[in-house]
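Hello,

Here is the structure we talked about. Please open it alongside this note, and read on for the findings.

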Amino acid sequence: MIDKIYIEKLKSNFSEAVRVILANKMRTLLTSLGIIFGVAAVITMLAIGNGAEKEILAQLELVGVNNIVISPIPDDKEDNNDEEADEGSLTPDRFSKGLDMLDVHSIKKNIPSVKTVSPEIILETYVIKKGRQSPVKLIGVSADFFATSNIEIESGKNFSTVQIENSMPVCIIGKKIEKKLFTGESAIGKQIKVKDVWLQVVGVIEEKFISENAQENLGIRDLNQDVYVPINTFLVRYKDRKIISDKPLPEGNVMIFGNQQGPKKRIPRGNYHQIDKLTIQVNNSSELNATADVLSRMLKRRHNDMLDFEISIPIQLLKQQQKTKQIFNIVLSIIAGISLLIGGIGIMNIMLASVLERTKEIGIIRAIGATQEDVILQFLTESVLVSIGGGIIGIVLGVLSSYILEISTGIETILSLSSILLSFFVATLIGLIFGIAPARSAANKSPIEAIRHE
């Protein structure tokens, strides 16, 4: 019996709250604006945060947790020291042999913390299929490349020792290359012509999604569109910058000096490095910084004290990105919190004004037997309904904002049910908390005040 009476009270309070809200539509909408924008900001913020977390995890998978990347610095600046050099300073600059396979062997042999060393040589060229040329990147790699880069071979197999040692014309291709050249069929065992060399496909790597942000910030290529060959095959059959040609050297690749009376002038050598990238995997992540320091000193000594290379630790770059995005999320959280706080204050102010407007009504219902608890429940119901209505509109706005943001800016956003439920719960809680003061104020009105108000 008591439960039925309580349920009837709830129904009565709910219908009365709906009546009051519908009677003041514009005021209710303006009251709930803070809740609307606060909830929308929370949902959008969490969607951006989820997307950023997914992207960082994907990038970590691509660069490897324990990897160090060494990149060569090409010589592309011309020096003219006619004002700085005197007669006694005409000694040529130190000469560096560049980053080469000898460095690779030295690193493997002398640094015990190194697990694998994976050199890469990159050549932008073309692949020919049925008389048509398509641009492609040809990558010379070692057998450790795929494990170091967390790349799975979907079909076929990795390069064998015999293929590597004998510089055999074999290749492993990206998934997009297979789809483009061998539509609807497997590429394993078939031949493709890359530049002037026929290569037999022995493997196809699994397709990986690589965002433009990862390509730009971490120097990660679109691996799905590359053709990989053993590094010895690349050096023998395509290009080796360590081999001196008997052809006339093109301008820009030699060192020239003025006569004894004139100043020294150096023409840049261009990219004189034998390899274009060196990825080193250490045994433990705790050894990353120490190993990078040893690598720097070793390579500088081997390159005649010339700093013609740069060393980076991708995981540290990612951690910095993650920290920046976390700060961004905190700022958004503060903005969302302020919006919700303002929304709650707005609800409280309007409800207090409503109490003054409805003094006569409150006095009448108190006079016919309504208790203070009944009045409190009535005004709390109105406050919570206003907040819930704003929360629902905010959820719709937040979902739309997330989709629009992803489409317009390319920032990946991931909506989750937990973020929507959290926003709805916070909106309801705001309405409940900020409705307590107006509800108590209304409950303290007495029937006598209704007579005075009349």
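Asp293 is partly exposed, because its relative accessibility is 41% (buried means under 20% relative accessible area, exposed over 50%, partly exposed in between, with a 1.4 Å probe and protein chains only). Asp293 pairs with Arg297 in a salt bridge, 3.2 Å from N to O (a side-chain nitrogen of Lys or Arg within 4 Å of a carboxyl oxygen of Asp or Glu). Both sit in helix H10, 4 residues apart, so about one helical turn separates them (helices are DSSP runs of H or I with at least four residues, strands are runs of E with at least two, and both are numbered from the N terminus).

A word on the source. This is a predicted model, where local features need pLDDT of at least 70, side-chain atom pairs count only at pLDDT 80 or more, and totals for chains, interfaces and linings use all residues. Residues are numbered from 1 along each chain as its sequence is written, and side-chain values use heavy atoms, with hydrogens and water left out.

How many salt bridges does the structure hold? The count is 10. Side chains of opposite charge can pair when their charged atoms come close.

One of the bridges joins Arg302 and Asp103, at 2.6 Å from N to O. Arg302 belongs to helix H10 (residues 288-302) and Asp103 to helix H4 (residues 101-110), so this pair ties together parts 199 residues apart in sequence. Arg302 is partly exposed, at 29% relative accessibility. Shared partners also link Lys97, Asp100, Asp103 and Arg302 into one salt-bridge network.

Glu124 and Lys137 form another bridge, with their closest N and O atoms 3.7 Å apart. Glu124 is in strand E3 (residues 114-129) and Lys137 in strand E4 (residues 132-141), so the pair ties together parts 13 residues apart in sequence. Glu124 is exposed, at 64% relative accessibility. Lys137 is partly exposed, at 29%.

Last, Leu397. It lies in helix H13 (residues 372-409). Its relative accessibility is 31%, so Leu397 counts as partly exposed. Which residues does Leu397 touch, not counting those up to four places away in sequence? They are Ile36, Phe37 and Ala40 (contact means heavy atoms within 4.5 Å). Thr44 is 353 residues from Leu397 in sequence, and their C-alpha atoms are 9.1 Å apart in space.

Best wishes
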